[in-house]
Amino acid sequence: MKMNELKLVYFSPTGATRKIIMETARSIDLKSVSFDFSVFKEKKPVLKFASNDFALFGIPVYYGRVPATFMEYLDNISGNNTPAALVATYGCREFDDALLELKTEVEKRGFKVIGAAAFPTEHSIVPSIGARRPNKTDLKSAAEYGVELNRLLKKEASFDHLETRVPGNSPYHKYGKNALFPKAAAAMCTLCGACAKVCPTGAIPIKDPKKTETDKCIGCMKCMRVCKQNARAVNSLKMSLAEKKLKKICKSDKTADIFLAN
C-alpha cells in the first residue's frame, strides 16, 4: 500500500513518551505530522485519518491504564481502517493493561493496530527510579521498533489479515485516584504562570497560578519541574511514603517489550 503521512498522536506531560515516539518515527519513511496533547486544550480537536495514513499513538501508563486525560482526546479521533502502532511508557513498575486498553480503544475508532511497544522510563514521581531514562539503549530499541514498523508498511499490501497480540486483562486494572498533589505555591512564587501554561489538565488557573485544583490534577509533577523558583512541592511525608513503596515494586533495569503483527 502506498502510504500518505505519519500521524504522531501523543500525551507526554514529562517528555519521556515524546522522546520514544520521535525516535520511533525517525525510522519510518514517511513525512510526519504531530498532534501533541500534553498541554491542556479545553476544546478537543477533531481528527480524521485516511486509510493510507499511518498513526502512531503514545501515552504514559497511569495506574496500569491509559490516562483518562488522553481518552478525552481520543474520543474525537477516528480512522478509516487506518494502520496504527502503539507506544506506552511506564515508570519501571508494570504496564499492566495499558497496551490492551489502548489497542482496544484505538481499534474501536477505526484503526488497525500492527504493532505495540512498552518502554520503561524515569518515574514521574520518584525520578531516582529509572533515572534519566529513556537512555541510549531505550532509544535504540525505539529506533528498531520503527524499523520493524517501516518494514511492515512496505511489505504488506493490506493489513486486514494481521493481528497484534498484547498482554493485559479485561476487566482492566482498577484506575487509581491520585493522592499526591503539589501544594499551593509558596511565598517565593513570582506568578510567572509557567506552571499553568504546561499543566496538561488545566488544574492550575492561569489567573491564579498559586492554586492547584486537586480534582483535576493527575500528579504528573510537570508544574514542579518547570518552576524556576521551586515554589511548588508535594507534602514531604506523603512523598516519603510513596517513595518507599515505589522503590519496593519498581525495577530500574527493565527493558522494552515489543509486539508486532503477524
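**Notebook: sheet and helix packing**

I looked up the strand order in this predicted model: six strands form an open sheet of mixed pairing, ordered β2-β1-β4-β6-β7-β8. I then noted the edges, β2 (32-36) and β8 (257-260), each of which pairs on one side only.

Next I examined the pairing of β1 (residues 6-10) with β2; the two run parallel and are joined by five bridges. Within this pairing, I found F35 of β2 to be the bridge partner of V9.

I turned to the helices. Helix α1 (residues 16-26) packs on the sheet and touches β1, β2, β4 (54-60), β6 (82-90) and β7 (111-120). I noted an angle of about 155 degrees between the directions of α1 and β4. Helix α4 (residues 136-155) lies across β4, β6, β7 and β8, and runs at about 165 degrees to β7.

I then checked how the two helices meet. The axes of α1 and α4 are 7 Å apart, at an angle of about 45 degrees; α1 and α4 are therefore oblique to each other. The crossing of α1 past α4 is right-handed. On the α1 side I listed K19, I20, E23 and T24, and on the α4 side D138, L139, A142, A143, Y145, G146 and L149. I sorted the residues of this contact into six nonpolar, two polar and three charged.

Finally, I consulted the UniProt record, an unreviewed entry, which lists residues 6-150 as "domain: Flavodoxin-like". For that span I noted 30% helix and 28% strand, with the end C-alpha atoms 11 Å apart.

Note on methods: Residues numbered from 1 in each chain as written. Predicted model: local features only at pLDDT ≥ 70, side-chain atom pairs only at ≥ 80, totals over all residues. Heavy atoms only, no water. UniProt positions renumbered as here; feature names shortened; annotations may be inferred. Helix = DSSP H or I, 4+ residues; strand = E, 2+ residues; numbered from the N terminus. Pairing = 2+ DSSP bridges. Contact = heavy atoms within 4.5 Å. Axes fitted to C-alpha atoms, helices over the stretch in contact; angles between N-to-C directions. Parallel < 35°, antiparallel > 145°, perpendicular 65-115°, else oblique. Left-handed = near helix turned anticlockwise from the far one by under 90°. Nonpolar A, V, L, I, M, F, W, Y, C, P; charged D, E, K, R; others polar.
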